[in-house]
Each structure stands twice: as structure tokens, then as C-alpha cells.
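Me: I am new to this structure and would like a close look at a single part: the sheet and the helices packed on it. Please take it step by step.

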Amino acid sequence: MPFGEEWWTTKIAHELHTFIAKNGLSDVKEFFEAKLDHWKHIKVNIAITGEAGAGKSSFINKIRGLKDYQPGAAKASVETDCTYQALQYPYPENPNIIFWDLPGIGTDNFPAEKYVEEVGLKKYDMYLIFMATRIPEGISTLVEAISSSEKKFFFVRSKIDLDISNEIFSNEPGSISREDVLVKVRNDCLKILGKRIGCNEQDIFLISSRDDEKGEFSGLVKAIRDVLPTKEKRESFILSLGILNRLSTETLKIIVEALEQRIWYVAAASAVAALPPIPGVSAAADIAMIVKELKLYRSKLGLPDETSDTFKMLTDTTQAKVTIASSFVQLATKSAAWLAPYATEAAAEEGARIFLPFIGSVIASALSFGTTYLALKDCLKTMEDAALAVLNEAAKEHLS
Ligand SMILES: Nc1nc2c(ncn2[C@@H]2O[C@H](COP(=O)(O)OP(=O)(O)OP(=O)(O)O)[C@@H](O)[C@H]2O)c(=O)[nH]1
Ligand SMILES: [Mg+2]
């Protein structure tokens with residue numbers, strides 16, 4: 001099914017019908033355009049809590065793409081309990097995504113009962129409970145309170161890089177791997193947490209805020225996305241990720257998924273306007289909207305600018321991939337003729353016709369819809385391949 005089908009059965013289709021019933025067909029384009037920008041206005045509140053000194057502030061800086069010493073970073077320090085009140089740290093790329101650096105639990109300042117009362121747990125979308133070398137005091141009280149608010153939480157065992165170095169140092173060379181250490185630490189956590197609060201393996205993430213490769217940082221990003229309560233919050237969280245967090249293949253895939261889900265909206269918005277067909281293409285398309293979306297792909301996938309030092313350090317093959325991927329934006333800006341092959345493909349697809357009864361009432365041209373859809377899908381794939389090639393080179397560089 002080239003055009004997917006899931007979309008029409010979701011609540012968006014229902015919303016669209018309601019919108020048309022109320023406003024008629026003339027503003028349908030605005031409906032889709034508003035959907036495309038909606039994620040920028042959605043608030044996501046993520047609470048970071050747990051053991052004092054476990055690495056909460058460092059994680060907040062890491063996920064926001066900031067170094068501990070940079071302006072706006074959360075204060076990270078070897079002194080324990082350096083966070084005394086709930087402080088908010090918005091994403092640099094979207095101030096609506098806020099990480100709340102809560103005080104460490106179980107210190108003299110914050111015994112568990114007082115803690116739950118003071119931090120006001122209900123206002124957050126989900127919780128990360130940090131621990132380092134021990135299970136935080138008062139954890140059962142905290143978990144009970146979070147569970148009763150029907151929100152999701154994960155345990156985060158940070159500083160896994162230190163465990164890996166320590167185990168490698170204490171064992172015969174080559175006898176213990178990163179994976180062995182992860183299994184060992186996870187089992188240790190499970191033994192204590194499982195007994196105390198009935199926690200499962202998939203609720204625990206072992207991370208390093210120093211070194212992505214050593215822990216499960218991208219797995220945690222994906223898990224946070226999956227437990228956010230609405231599709232809008234999930235989209236907003238992923239599309240707002242800082243540049244540093246695009247530096248893993250797993251995270252890149254998650255971002256591509258979020259971008260793919262937008263293609264229906266762009267294709268529909270581009271096709272409802274009843275624009276005159278582009279000469280030589282036979283279909284119509286809203287070029288300004290397509291260019292805007294292609295620019296979003298380029299920035300969200302972190303494709304390096306061709307004048308940047310990063311680009312100059314790439315191999316010829318990867319440079320060529322990045323150049324082709326980036327050229328879509330210029331191509332689309334200069335002339336719409338590049339859409340012609342997609343229009344031919346769309347005309348040959350049965351998929352668009354299946355949706356004609358619905359499309360016919362809303363969209364001026366199913367052919368325009370199919371053309372934009374296939375063009376964006378292809379461009380996104382090419383940009384993803386280029387971004388992966390850049391990542392692979394960066395990984396090789398890191399290892400050498
Ligand atoms: N090696 C390593 N050190 C870390 C990691 N995360 C944090 N640290 C260090 O651990 C110390 C405490 O980290 P913080 O981020 O301040 O811990 P916190 O949980 O915010 O502490 P409080 O706010 O006092 O509760 C700092 O020296 C950090 O640099 C990690 O993943 N790996
Ligand atoms: Mg802190």
C-alpha cells in the first residue's frame with residue numbers, strides 16, 4: 001500500500017470530518033497546515049528524580065545537547081544534593097519541552113514523605129528515577145505516589161561508563177565485554193528493585209551521560225517517546241531533540257519515523273488547494289510547503305552544510321550523498337519539474353484511487369496528493385541514507 005492507510009482511520013480523519021462539517025471545505029488547507037505546526041505548541045513535562053548525586057543534572061544537560069559548563073546548563077557537581085528545588089530546563093530548540101530537575105530524594109533535606117508532598121508529582125507527563133550505586137532511600141514511597149497518579153516511570157541507572165571501566169580494569173584482559181557488564185548491572189538492579197517494588201527488566205535503562213556508545217541512551221529516548229500520553233506529545237518530544245542526540249542510528253530512525261508521519265498532512269495540504277497543474281508535470285503541488293518540509297528534514301536529520309568543516313572531513317562518497325540529499329531543497333525552490341517522475345508514478349498507483357471516495361470530497365486532486373506524497377517519501381529516504389553515512393563515518397572516526 002504505497003500511500004499507507006492507517007492515517008484515515010485515526011482520530012485525524014474524524015477531526016477533519018468534524019472540521020469540514022463546521023467550516024466547510026474552503027479552510028481545509030489551514031486545517032492541515034495547523035496540524036503540521038501543532039507540535040511546536042505542545043507542552044511536555046518530564047520529571048527527573050531519584051538518588052542524590054546519581055547524575056540527574058548531567059542527563060538533563062546531555063539530552064538538551066549542552067555541556068555541564070555551558071550557559072543554561074543544569075548544575076552538575078561532585079557535591080551531593082546540589083539541586084535544592086525543582087528547576088525547569090527547556091529544550092534549546094523548543095521551550096515547551098521541559099525537563100524538571102527535582103531535588104535528590106532521601107537526603108536529610110528531603111525525606112521521602114516530605115518529598116512527594118513538595119514536588120507536586122501530578123503535573124508531569126512521565127518520570128525518570130535516577131540511581132547510581134545504590135537504590136535510593138524512600139523509593140517505594142515515590143513509586144507508589146507516581147503509580148497512583150497513573151503516570152509512567154523508568155529507572156535510570158547512570159554512570160554505566162564507570163562500571164564498564166571498573167570491570168574491565170578488575171578482570172583479565174578480554175574476558176569481560178560491555179554487554180557482560182550491562183547484564184550484571186541490570187541483574188543487580190532487578191534483584192533489589194524487583195523485590196522492593198516489582199519492577200521489570202524493560203523498566204530499567206543503563207546509561208552514560210558521558211559516552212553514548214557505552215549505555216542505552218537512545219533506547220531511553222525511544223522509551224520516553226513511547227510512554228508520553230498523546231501522539232502530539234510524542235511528535236513534539238522527538239522533533240525537538242537537540243542536535244547532539246541525533247548522533248546515533250537508533251535516534252535517527254526515531255526522528256525519520258516522526259517525519260514520515262507528517263507526509264500525509266503535507267500531501268493533503270498540498271492537494272486541497274486546487275492549484276493549476278505545474279507545466280510538464282500534469283499534477284499540482286504547493287511548492288512552498290514542500291520546500292519548507294524538505295528544510296525541516298535537512299535540519300532534523302542534522303545533514304551538514306556543504307561549507308562546514310564537518311562536510312569537508314567526509315569521504316568523497318559520503319559528500320556526494322549529502323550533496324544529492326541537500327540538492328532537493330534547491331531543486332524544489334528553482335523549478336517544480338523535478339516532480340514529474342513522481343506524478344507519473346502516482347498516476348500509475350492504484351493506492352490513490354482506493355482513497356478516492358474520501359479524497360474526492362476533500363482533495364482537489366488525488367494525483368497531486370500522490371505526487372507530493374511519493375516525492376517527499378523519496379526525498380526523506382535519500383536524506384536518511386545520507387545522514388546515516390555521515391553517522392557511520394563519525395563512528396569510525398571515534399573508534400580509530
Ligand atoms: N562518569 C560519569 N560521571 C557522571 C555521569 N553522570 C554524572 N556524572 C558525574 O557525577 C557527579 C554528580 O552528577 P550530577 O549530574 O550533579 O548529579 P545529580 O543527581 O544532579 O546530583 P544532585 O543534584 O546533587 O542530586 C558529577 O561529577 C557528574 O559529572 C555519567 O554518566 N558518567
Ligand atoms: Mg542535580
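Reply: Two residues are in contact if their C-beta atoms, placed from the backbone, lie within 7 Å. Helices (H or I, at least four residues) and strands (E, at least two) are DSSP runs, numbered from the N terminus. Axes are lines fitted to C-alpha atoms, for helices over the stretch in contact, and angles run from 0 to 180 degrees between N-to-C directions.

This is a predicted model, in which local features need pLDDT of at least 70, side-chain atom pairs count only at pLDDT 80 or more, and totals for chains, interfaces and linings use all residues. Residues are numbered from 1 along each chain as its sequence is written, while chains are lettered from A and ligands numbered from 1 in the order in which they are written.

The sheet comes first. Six strands make up an open sheet, with mixed pairing and the order β2-β3-β1-β4-β5-β6; two strands pair if DSSP finds at least two bridges between them. At the edges are β2 (87–91) and β6 (204–206), each of which pairs on one side only. From one strand to the next the twist averages 25°.

A hairpin connects β2 to β3 through two residues, and Q88 stands opposite W100 in β3. Elsewhere in the sheet, β4 (residues 126–131) and β5 (residues 152–157) run parallel, with six bridges between them. Here F130 stands opposite V156 in β5.

Now the helices. Helix α9 (residues 217–227) packs on the sheet and touches β1 (44–50), β4, β5 and β6. The direction of α9 makes about 170° with that of β5. Helix α10 (residues 231–239) lies across β1 and β3 (94–101), and runs at about 90° to β3.

Helix α10 also meets helix α11 (residues 249–260): their axes come within 9 Å and cross at roughly 130°. The two helices are therefore oblique to each other, as angles under 35 degrees count as roughly parallel, over 145 as roughly antiparallel, 65 to 115 as roughly perpendicular and the rest as oblique. On the α10 side the contact is made by E235, I238 and L239, and on the α11 side by I254, I255 and A258. By class, this contact has five nonpolar, no polar and one charged residues (Ala, Val, Leu, Ile, Met, Phe, Trp, Tyr, Cys and Pro count as nonpolar, Asp, Glu, Lys and Arg as charged, and the others, Gly among them, as polar).
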